[in-house]
Amino acid sequence: MRSMTRYVDEDLHGAEFRECDLTGARLIGVVMQDAVIDGLVTNLVVNGVEVTEYVEAELDRRHPVRVLIRSEDPADLREASRQLHAAWAATIERIRRTPGIERRSVNDEWSAVQTMRHLVFVHDSWFRRCCLGSTELFTPMGIGTTVEPYRAAHGLDPSLDPALDEIVSVRDAQAAELEAWLDDVTAAQLAARAPVPDDDVWPPYARGRSVLQCLRTVLNETFEHHRFCVRDLDLIEAQDAE
């Protein structure tokens, strides 16, 4: 492990830290105005105040579906899946009202179509493989991890450039598959060890997790990437209005 880098009297104005592990980072005597922190944040202390609980409570207030996703009750999880699908359907209709916006990106984030293609991959990997035990190849249009050798493995084809309607059709079929499974799944089945196939296919670190943990990954990814997509659509539309 590399030792922690120490910055003293440095001007980091406008710096961007992307996909960085800042665990244990200490920011002392800093000026932090108009800063944005977006990621897996826990035990965050600001000026002596642990603020994570405040942030989590506010996110739950804004997005009640988060509470359903954390539930162990199959009925709550079914409702969470239904709400997430409805939210994405509304956003897709919004995208259709501005043709071309689905391929635009902002701040080096994924475009809307890239985001949906990633969710195709999430469903194939975390639901079909981890919850169902499937060994079938992934849907070619999916966008997965950039980590080698998984980036273009198990059926993925990074050269593809599918149209919005094609992606939506796949996502609708995946949502229907998930909701049909949730209609029948029991609490005992959710608590069981996930039937992850014993092969070298993404996600390798899912072994040993429960079915419920893998399902929550699917639901959380669906929620978070919808939030990111809406955020970026808002930014693009605001830029266009200037």
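What is the volume of the largest cavity? The largest cavity has a volume of about 50 Å³. The structure is a predicted model, in which local features need pLDDT of at least 70 and side-chain atom pairs count only at pLDDT 80 or more, while totals for chains, interfaces and linings use all residues. Residues are numbered from 1 along each chain as its sequence is written, and side-chain values use heavy atoms, with hydrogens and water left out.

A cavity is a set of points, on a 1 Å grid over the protein atoms alone, where a 1.4 Å probe fits but cannot get out; a pocket is an open set with protein on both sides within 12 Å along at least five of seven lines, and lining residues have an atom within 4 Å of a point. Grid points are joined across faces, edges and corners, and a volume is the space filled by probe spheres set on the points. The count is one cavity of 30 Å³ or more. The lining of the largest cavity consists of Ile 101, Arg 104, Trp 110, Ser 111, Ala 112, Thr 115, Cys 229, Asp 232, Leu 233 and Ile 236. Two or more of the lining residues come from each of helix H4 (112–129) and helix H7 (211–241), where helices (H or I, at least four residues) and strands (E, at least two) are DSSP runs numbered from the N terminus. H7 gives the most, with four residues. By class, six lining residues are nonpolar, two polar and two charged; Ala, Val, Leu, Ile, Met, Phe, Trp, Tyr, Cys and Pro count as nonpolar, Asp, Glu, Lys and Arg as charged, and the others, Gly among them, as polar.

The second largest pocket holds about 250 Å³ of space. Its lining has 19 residues, and His 85, Trp 88, Arg 171, Ala 175 and Thr 222 lie nearest the centre. Helix H3 (74–96), H4, helix H5 (164–184) and H7 each give two or more residues to this lining, and H3 gives the most, with seven. Eleven residues of the lining are nonpolar, five are polar and three are charged.

Thr 222 lies in helix H7 and counts as buried because its relative accessibility is 10%; buried means under 20% relative accessible area, exposed over 50%, and partly exposed in between (1.4 Å probe, protein chains only). Beyond its neighbours within four places in sequence, Thr 222 is in contact (heavy atoms within 4.5 Å) with Leu 84, Trp 88, Leu 119 and Arg 171.

UniProt, in an unreviewed entry, places the feature "domain: DinB-like" at residues 83–227. Over residues 83–227 the chain is 52% helix and 0% strand, with the end C-alpha atoms 13 Å apart.

Zero disulfides, defined as pairs of cysteine sulfur atoms within 2.5 Å, are found in the whole structure. Cys 130 is in no disulfide, and the nearest cysteine sulfur, that of Cys 214, is 4.3 Å away. For Cys 131 the closest cysteine sulfur is also in Cys 214, at 5.3 Å, which is too far for a bond. Cys 130 is buried, with a relative accessible area of 0%, and Cys 131 is buried, with a relative accessible area of 8%.

Glu 19 lies in the segment before strand S1 (45–46) and, at 80% relative accessibility, counts as exposed. Glu 19 and Gly 39 are 20 residues apart in sequence, and their C-alpha atoms are 8.9 Å apart in space.

Notes. UniProt positions are given in the numbering used here, feature names are shortened, and annotations may be inferred rather than shown by experiment.
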